[in-house]
Amino acid sequence: MSPLEIPVSAIDDPLRVSGKYFCEGGKVTFLKIVTFGPFPVGTFRDGGRAELERIHKELGANTIRIYEIPTLDFMHDCAEIGLRVFITIPWSQHIDFFKNSHVLAEVDQLLLETIRQFRGHPALAGYFVGNEIETTLVRWMGRRRVLEQLERLIDLGHANDPNALFAYANYPSTEYLLPRNQDFTAFNLYLETPESLAGYLERLQNLAGDKPLLISEFGVDSGAHGEPEQGEMLKWHIEEVCRAGGAGTTIFAWSDLWQRGGATIADWSFGLTRRDATPKPALDVVRECWEPVGRPGELVDLAATPKVSVIVCTYKGSATLVPCLDSLVALDYPNLELILVNDGADARVNEIASLYPAVNLHSVEHGGLSVARNLGAGAATGDIFVYTDDDCIVEPDWLTWIVKGFEKGPNVGCVGGPNIPPPPQSATQARIIAAPGGPVHVLLTDTEAEHLPGCNIAVRRDVFEEVGGFNPVFRTAGDDVDFCWRITDAGYELGFVAAAYVWHYRRFTPRAYCRQQMGYGRAEALLMPFHQQRFRGLGGAVWRGQVYISRNPSSSIVYHGRYGYEPFQLVYPSPESGMGDVVLHIVWWVLLLAFTIAGWWSNWLWIPAAAMLFGTFKVALRRASRSRLEPKFDSRISRLKLAGLILLQGLLRSSSRIRHGWKSAKWTQSIGFLGALAARKAVSPWWKLGDEKNFWSENGVGRDELLAAIREDFPTSEDDSTGKTDIILKRGLFWNWAVLTTTEYHENEGRLTRLRLLARPQMLTRLLVLPVMVGSVLAVLKEPTVFGGGLAVAVVIGYFASKSYMKLKRADFIRAADRIGLSLA
């Protein structure tokens, strides 16, 4: 905006993201949001200003969410009143927007026009580039394609307004739609018990990762529940969001008067005010709940406040020690002591520590990290020992969340949380943050961990003493892994609290990063003799839980439910320690080199060597493309350099692990693992063919009626229990035939139902065809003129045979559709 257009504003600072919270002016703020509109045309003579003032004064909200593009005057009014605005970009996301490509061009144009109009406006909080794309439509279009479209919109937004916040308003039925480049994670929720909400919030916190979790809609229909019950439900909702460490919540809605698709909604009453603008009891309830909340941790009630000993061990760590100690002395917890162990008696560390009277300094000879941690525990007088590193910065409520984690039961021996890297100051730092191999947690459930990094781990005194503390063998790394495994072996649980995060600086240079990865490899070698059962041959540790990674997983498993209607479609990331890690291993590189050298005597060996090299670079580039890079440092060059770091990380860490632990490694076990992995990989990623038809109804007839008709016409058919498709028509020995559908909702009762018939080879077909394909490829490479034509003919015959079967089945589907009143579109 030009200086002449900037309005009088009660908002001093723009909204920013800081770790898992929002902040303004460097101070954490809890977003108190209410949805506003859309309203019928002409509802407000003053453009809604009087209602906006009520929202700010009577409700105590600091932000509103709207579902249409506002006028500049509306934004000026919000700025003057002191309300921030989240703008939801309205576009045709209720239809297959890949089949209707004009939709994508229109949303691009609308987003760019909106950004140009409001860029730099003090009332702008951010944008939602989409809202609740219907689950069966996502399944139809392909969740990866939809996710890429959302990420493309967010990239477009960041490129044209780098200072604005962008996200997608998701919902539980498509919880897998998590754009890697969104600034915060937003979910619309409508859960009707505090227990179900609390459990799902814990899951959402882990899906959000190191980003803020914002509830972008939560409402209660007072028509269905009654006005008093509406207030009670909104009360426990706000309390549970704060207890879960949420960054904010959105009450749906301000008024019962609203419209959708141009039609006024008369049978819903979600508003805090009635259609005549009079307040409901829920308005006062929400205001009273919001009033004391400045930051989320302020509503966390502890049953007790046991004494906590915070222990920091440093070895020549003066470069980052000052901000660490500054954050520790600012902790908001009533019963704690601060202990600093100067491992090596560094003079500069002693000098810095002398400036902090609250810090108990213990200078000792250099004995390594585990020894220092045990010395800190020996000097501690608290009931709980909490460890963090000298390159970490903690939040004021950190200990509150930690202690809350121990309240879940006497079997919780340790508690920890995430460690989040501060925003990078250079492209190099951004790439190192995005690179793999950093200190991460491993989760068994949303609240139970298998491993907690030593930079953010707390342990009860009695549990620490029972397991004997840290093993002095581990001088620089691996101590926390060994410690956690011994605690779980003793029968205790490791609690995880997503809100108990610390800021943790990563290495600042590629050289330091490479040294760190070699050190981690050596630590893994040291772990092998103590925990043989937790390692798989020449590879790294075998985890039962899910390793947290800062990139979208290469694959995941989604349970869609019957006909894709499961309300909570949980996403389960597939294990990452598979073929991707194998092709980055030092042994893979040695084999590749061996094939290359042997190819000088037998040229055909260059074929597997080239395939191995291609596979390695493909994995590195794919992981780099899915990693989360800071938007301002994101470029093709940065991602190529990141791919280089990924290659180096796998090479250096695995080589260091073998160099120091080759005697302990189970070499024969590795061979069996690789064989099984190769077999699974060979038979899994197979193609499938599809044939589509579209059916139209003017009377509201959609996919449910069509699927019922298909089941009736195909007596041997069955519902697909996995939810990947709707109906399995035939489970043949060699082929699997299935139907997938979705319905687009248009004006009035208009429905467009899309049907896709799918053919996919069964496992037996894959096992029979695979050796033929491999042999054919080798034969073509040897005699292309002889075998090439024959292979091409075989592929064409197979393709057209499948397509012919599909065409024969079209008439059956058309008859079923015609019987229920659907016509071909």
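The following legends describe close-up views of a predicted model.

Residues are numbered from 1 along each chain as its sequence is written, and side-chain values use heavy atoms, with hydrogens and water left out. Because the model is predicted, local features need pLDDT of at least 70 and side-chain atom pairs count only at pLDDT 80 or more, whereas totals for chains, interfaces and linings use all residues.

**View A. The largest nonpolar core and the surroundings of L59**. A nonpolar core is a set of buried Ala, Val, Leu, Ile, Met, Phe, Trp, Tyr and Cys residues joined through side-chain atoms within 4.5 Å; buried means under 20% relative accessible area, exposed over 50%, and partly exposed in between (1.4 Å probe, protein chains only). The largest such core has 82 residues, of which I55, L59 and I64 touch the most other members. Helix α3 (residues 102-118) is the main contributor to this core, with 7 residues; helices (H or I, at least four residues) and strands (E, at least two) are DSSP runs, numbered from the N terminus. Apart from this core lies another, of 54 residues, including L165, A186, L338 and V403. When neighbours within four places in sequence are set aside, L59 is in contact (heavy atoms within 4.5 Å) with V34, R54, W254, L272, L283, V286, R287 and W290.

**View B. The three-stranded open sheet β1-β2-β3**. The 3 strands follow the order β1-β2-β3 with antiparallel pairing, where two strands pair if DSSP finds at least two bridges between them. Strands β1 (15-18) and β3 (27-29) stand at the edges with a single partner strand each, so one side of each has no neighbour in the sheet. On average, neighbouring strands of this sheet are turned by 50° against each other, direction ignored; axes are lines fitted to C-alpha atoms, for helices over the stretch in contact, and angles run from 0 to 180 degrees between N-to-C directions. Strand β2 (residues 21-24) is joined to β1 by 4 bridges, and C23 in β2 is the bridge partner of R16.

**View C. Strand β7 and its parallel partners**. Strand β7 (residues 124-131) is largely enclosed by the rest of the structure, because 8 of its 8 residues are buried. Strand β6 (residues 84-88) runs parallel to β7 and is joined to it by 4 bridges, with V85 opposite L124.

**View D. Cysteines C242 and C392**. The count of disulfides is 0, a disulfide being a pair of cysteine sulfur atoms within 2.5 Å. C242 is in no disulfide, and the nearest cysteine sulfur, that of C289, is 8.7 Å away. The sulfur of C392 is 4.7 Å from the closest cysteine sulfur, in C455, which is too far for a bond. C242 is buried at a relative accessible area of 0%, and C392 is buried at 1%.

View E. G454 lies in the loop between β22 (448-451) and β23 (456-460) and is buried at 4% relative accessibility. G454 and T388 are 66 residues apart in sequence and 6.6 Å apart in space, C-alpha to C-alpha. D479, in helix α16 (residues 479-489), is buried with a relative accessible area of 2%.
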